[in-house]
Amino acid sequence: MENAGIMTIIISAILVNNFVLSRFLGICPFLGMSKKVETSVGMGLAVTFVMTMAGIFTYFANQYILIPQNMGYLKTVMFILIIASLVQFVEIVLKKILPSLYQALGVFLPLITTNCAVLGVTLLNEQYGFNLLKSVIHSAAAALGFTLAIVLFAFIREQMETSDIPEAFKGFPIALVTASLLSFAFLGFQGII
Amino acid sequence: MDIMKIIWPVGSLAALGLLFGAALAFASQKFAVAVDSRAEAIDAVLPQANCGGCGYPGCANYAQAVVDGEAIDLCSVGGLPVATEIAKIMGVETIGSGQRMVAKVKCNGGTNCKDDFHYQGQPGCLAKSMVAGGPKACKDGCIGDGDCVAVCKFDAIHINDHGVAQVDADKCVACKMCIAACPKGIIGLVPDSNRAHVLCSNKERGPQVKANCSVACIACGLCVKACKFDAIHVIDNLSRVDYDKCVNCMQCTKVCPTKAIEALIPKRRRTDPRPTDVATEAGVSVEE
């Protein structure tokens, strides 16, 4: 992965190794926020912003603090600290500058802190040994993959609202079955890289 | 043991924490948003039904909207008492008529109405109405699958014995959810104090309507002639009550040949002494 081209990284992060459907990261918001298409788009955009920023910040923290001091064991703690601070910052700024978007995102915004896809992408950046440019691109592409998955899933769930579902499958069971089928579908991208 | 192995991790984490903390503190000052305490106070007096009847997603959103200049009497659940409380908080006069409104399904068809075809498919009024306007012969009739029942958060609307949705006026809070859910658009708000309602929405001509449904308004105009208060009119082949003028005399319900005008007699207020007694004393026979 270290020597992978930029296009390869993008396609890999969005389709082949889709964070939700292949790596199974960020399942909580994927299931929780996908009841309506609008909210899922909002969630996807908020995650995209936080993931990209986290990709940049954690690259610097890793490169200039962790590696020189040989403190690799601290990266989870430090990355979480960075992500939590970023989410807080985004929340404060959005509340002031774009109250309407802040309203629309509601509780999803602070929930991004606990979105393991964000931590996952920062750890993977480090693991793959990406440089700054590749880290940013990989983070953004992973976030777009997350957005793609959650929006697709929201469209399907909106369709299911009008379907005649057996009583035992109503609600989360059918959502989980659907998610697994969607995951199967994304398995079809496996060979393209 | 190298003391630096402890100092570096602790120090760097603490430094980063302090740095981010300071940045957040600075940001929260720089981007501070003044929160109006009145919004919280209003939210506290709202019923917290979060029904959306006011047009806002929830009670908290409506509370904020009031502070931003929205009307204070939009909460149909709380009604006048809540509007008065909000008026106190906002320091304005109570406005609004205080007239209690309830939803009314303007159809009494159900089993009185013929079916055009036998429907087999997805249940639900919306799904049925998409197939040639639904199985009912009357295309403005209640389908009776209960889309309105499903959206009502107050257990105030049910499908009655003959397959028509009926509103329980005592429980209804006029949140308009059923009105939005009905694919036929035959639910409307009416004043709770009014007792005579035309339970039909069909605008087809009399003979056509009559062929399909035995309790439909056939636009014969007898009610118009019977009304002494100019409170009922036939518009577009459908009799309509003017609720501002109606005095609940119930003359229209008596003359209606198809009984399409509902008379909520049991809920009419009785005067004391009971009118039958007075009439009997005066030697007049009274129809009950």
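This briefing walks through the contact between two chains and then two spots on chain B. The model is predicted. Chain A and chain B bury about 1,700 Å² between them, and the contact takes 22 residues from chain A and 17 residues from chain B.

**Where the chains meet**

- Carbon and sulfur atoms account for 80% of the area buried between chain A and chain B.
- On the chain A side, A:L81, A:I92 and A:K96 lose the most area to chain B, together 27% of what that side buries.
- There are zero salt bridges between chain A and chain B, while two residue pairs are in polar contact across this interface.
- Two elements of chain A, α3 (37-66) and α4 (75-97), each give two or more residues to the side that touches chain B.
- Of the elements on that side, α4(A) gives the most, with twelve residues.

**A nonpolar patch on chain B**

- Look for B:I3, B:M4, B:I6, B:I7, B:W8 and B:V10, which make a nonpolar surface patch of about 550 Å².
- One of these residues, B:I7, sits in helix α1 (residues 4-30) of chain B.
- B:I7 counts as partly exposed because its relative accessible area, 45%, lies between the 20% and 50% cut-offs.

**Getting to know B:Q166**

- You will find B:Q166 in strand β3 (residues 165-167) of chain B.
- With 42% relative accessibility, B:Q166 is partly exposed.
- Leaving aside residues up to four places away in sequence, B:Q166 touches B:V105, B:A156, B:I157, B:H158 and B:N160.
- With B:N160 there is also a polar contact, side chain to side chain, at 2.9 Å from B:Q166.
- B:A103 is 63 residues from B:Q166 along the chain, yet their C-alpha atoms are separated by 9.1 Å.

Methods. Residues numbered from 1 in each chain as written. Chains lettered and ligands numbered in written order. Predicted model: local features only at pLDDT ≥ 70, side-chain atom pairs only at ≥ 80, totals over all residues. Heavy atoms only, no water. Helix = DSSP H or I, 4+ residues; strand = E, 2+ residues; numbered from the N terminus. Buried < 20%, exposed > 50% of the residue type's maximum accessible area, 1.4 Å probe, protein only. Contact = heavy atoms within 4.5 Å. Polar contact = N/O pair within 3.5 Å; in protein donor to acceptor, adjacent residues only side chain to side chain. Patch = residues over 30% accessible without salt bridge, like charges linked within 9 Å, V, L, I, M, F, W, Y side chains within 5 Å. Areas by Shrake-Rupley, 256 points an atom, 1.4 Å probe, with all protein chains shown as cover. Salt bridge = Lys/Arg side-chain N within 4 Å of Asp/Glu carboxyl O. Buried area = accessible area lost by both parts, 1.4 Å probe.
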